[in-house]
Amino acid sequence: MEYRRRFRAGDTVFAQGDAGQCAYVVEEGSVDILTRAGDREILLATRQPGELFGEMAIIDDQPRSAGARAVTDCTLLMITRDQLNQRIERTDPILRMCIQVVLRHLRDTLHRLTNDGARLDAGPAEQLSREAREEALHAIRLEQELQGALDQDQLVLWYQPLVDLQQGHVAGFEALMRWRHPERGLVPPFTFIPAAERSGLIVPMTRWAFRRACLDLKDFQEAATHPPTFMSVNFSGKDFMSPDFLDAIDETLAETGTAPQVVKLEITETLLMHSPDTARRVLGACRDRGISIAIDDFGTGYSSLSYLQSLPADTLKIDQSFIRAMLNDDSSHSLVRSIVGLAKGLDMKLVAEGVEGMPEATALRELGVDFGQGYLFAKPLPRADMIEVLRGWQDPF
Ligand code: CMP
Ligand code: MG
């Protein structure tokens, strides 16, 4: 398959109204984009090296909106329908809707200019599939509701204890966000966290959660006989990218009278994918303040070992999939054992996620895992219930 095409000066690359097979990037030479009004030819644009044209027919699956003709001898790099459309399909649904709307306006304007103001027929109006439109509308509504949730205090923080597997007491907590929707009840985080990340709303949401968690930790410390020593809060890549991230952390620590040493930031490796340098710099600054950093869902990512080396993290949270399987599956057991070795070698603390039964808790304790988190010890609970649990806490072993 040839991905480059050459044209001589004056050759037609494609004619207006043709079916489009691909878009082009000019590598050498230049190309005129032309349309007709009656017997007049109108020059719309001239495309130079590095510039793209012929994308519209590929994106909206309509005929070529204009013609293209080589001005000089030229070489064009073809972009296939798949290359373009796969990217568009993967993009944010709202952005996809915007692209379609812009194309429709452009086609309509072009049509009016060249046809004495006549509107474009209804034909290409419904270019967005019903599902794509619903997806976009759903995303828009969800994001607006989320903004409302934040403004109207519908977000709540629940807590799940992390139990010291050697001592049997509660060592710390993970703060987990929940949304108490006035009509839909408790909305699970996997339905709203991704939308919050896409829209950037995650930033004020995490700030709110961090502050709330700092305040609640004090009450938990008072309620327990062995005062828990840390509070874990989940942070996303968007949080780290916001320019005043460190200022906001400092401010909250000062305002709530919280020592940085009791705070743990939970992060996943996807955080590093977009701006690894910024993430590393910001995390380094957190460590310098004495804040600890835990890598969440460890073992499920792609570059676990390389980021272990490059991140200033001090805690690993072994993903629950390994813990669930470790008693019945030798390879999961070996994996957990290897992670224990790895953590010891790197002088990191270990948390086992998803501990549901006493047999695995005992096995983890024998392997030397520091902390366990899971239904065996407690489900995520609202603040008041967590205080009750702490008051009546008994060593589970
Ligand atoms: P497509 O419709 O696939 O084929 C014709 C191309 O001309 C179109 O994609 C755009 O790349 C380009 N085009 C259409 N209208 C304009 C315009 N008004 N100005 C510049 N380029 C245009
Ligand atoms: Mg977490």
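User: What does the accessible surface of the protein come to, and what part belongs to carbon and sulfur atoms?

Analyst: Accessible areas come from the Shrake-Rupley method with a 1.4 Å probe, and for residues only the protein chains shown count as cover. Here the accessible surface of the protein is about 20,300 Å², and carbon and sulfur atoms hold 50% of that area. This is a predicted model, in which local features need pLDDT of at least 70 and side-chain atom pairs count only at pLDDT 80 or more, while totals for chains, interfaces and linings use all residues. Residues are numbered from 1 along each chain as its sequence is written, chains are lettered from A and ligands numbered from 1 in the order in which they are written, and side-chain values use heavy atoms, with hydrogens and water left out.

User: How many residues of the protein count as buried, as a percentage?

Analyst: Buried means under 20% relative accessible area, exposed means over 50%, and partly exposed lies in between (1.4 Å probe, protein chains only). By that rule, 47% of the 397 residues of the protein are buried.

User: How many helices and strands are there, and is the protein compact or spread out?

Analyst: Helices (H or I, at least four residues) and strands (E, at least two) are DSSP runs, numbered from the N terminus, and the protein has 15 helices and 18 strands. The radius of gyration is taken over C-alpha atoms, and the globule rule is 2.2 Å times the number of residues to the power 0.38. For 397 residues that rule gives 21 Å, whereas the protein has 28 Å, well over that value, so it is more spread out than a compact globule. Along the principal axes, its C-alpha trace spans about 90 × 45 × 40 Å.

User: Which residues are the protein donors of the magnesium ion (ligand 2)?

Analyst: Donors are N, O and S atoms within 2.8 Å of the metal (3.2 Å for Na, K and Ca), and since water is not among the atoms, sites may look incomplete. The magnesium ion (ligand 2) has Glu-174 (OE), Asn-234 (OD1), Glu-266 (OE) and Asp-296 (OD) as its protein donors, at 2.1 to 2.4 Å. Asn-234 is partly exposed at 27% relative accessible area, whereas Asp-296 is buried at 9%.

User: Where does Leu-103 lie, and which residues does it touch?

Analyst: A contact means heavy atoms within 4.5 Å. Leu-103 lies in helix H3 and is buried, with a relative accessible area of 8%. Leaving aside residues up to four places away in sequence, Leu-103 touches Met-56, Ile-59 and Asp-60; the C-alpha atoms of Leu-103 and Ile-59 are separated by 8.7 Å, although the two residues are 44 apart along the chain.

User: Is Ser-65 buried or exposed, and where is it found?

Analyst: Ser-65 counts as buried at 17% relative accessibility and is found in the loop between helix H1 (56-60) and strand S7 (67-70). With residues up to four places away in sequence not counted, its contacts are Gln-16, Thr-35, Met-56, Arg-107 and Leu-110.

User: What is phi of Asp-61 near?

Analyst: Phi of Asp-61 is near 55°, a positive value in a residue other than glycine. Asp-61 also sits in the loop between H1 and S7, and is exposed at 56% relative accessible area.
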